[in-house]
Amino acid sequence: MVFFRRGGLDVDNMLKPILDALKGVVYQDDNEVSQVIERKTELVRGLRLRDAMTALNQAVSDGSDFVFIKIDGPPDHGVVR
């Protein structure tokens with residue numbers, strides 16, 4: 001998850017409501033979530049995204065706060081990164 005926003009809401013305060021909202025849509029119970037990588041990126045003039053999808057580039061261009069969520073398959077639990 002990447003939180004693109006202006007200003008400073010703490011990342012940890014944003015995570016739980018989003019995970020709760022995905023319950024029943026992406027997974028049945030949040031105990032199925034085995035890994036979350038999150039970051040906050042300030043929406044500042046000149047921010048560039050490399051190899052980003054069109055919708056993500058458009059959202060950054062619009063300048064409004066938004067959350068980008070990418071959902072992948074489960075990680076290899078034999079490797080910790």
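Lys-70 and Asp-72 are both exposed in the predicted model. These two residues form a salt bridge, with 4.0 Å between the closest N and O atoms. A search of the whole structure identifies three salt bridges, and the remaining pairs are described next.

Within helix H1, which spans residues 11–22, Lys-16 and Asp-20 lie four residues apart, or about one turn of the helix. Their side chains meet in a salt bridge with an N to O distance of 3.2 Å. Lys-16 has a relative accessibility of 51% and therefore counts as exposed, the threshold for that class being over 50%. Asp-20, at 37% relative accessibility, counts as partly exposed.

A further salt bridge joins the side chains of Lys-23 and Asp-29, at 3.8 Å from N to O. Lys-23 counts as partly exposed because its relative accessibility is 42%. Asp-29 is likewise assigned to the partly exposed class, at 27% relative accessibility. In general, side chains of opposite charge can pair when their charged atoms come close.

Helix H2 comprises residues 54–62, and Leu-56, Ala-59 and Val-60 are buried within this helix. These residues cover an arc of only 100 degrees around the axis, which means that they lie on the same side of H2. The other side of H2 carries the exposed residues Thr-54, Ala-55, Ser-61 and Asp-62. Just after H2, Gly-63 adopts a positive phi of about 85 degrees.

Conventions
Residues numbered from 1 in each chain as written. Predicted model: local features only at pLDDT ≥ 70, side-chain atom pairs only at ≥ 80, totals over all residues. Heavy atoms only, no water. Buried < 20%, exposed > 50% of the residue type's maximum accessible area, 1.4 Å probe, protein only. Helix = DSSP H or I, 4+ residues; strand = E, 2+ residues; numbered from the N terminus. Arc of directions from axis to C-beta.
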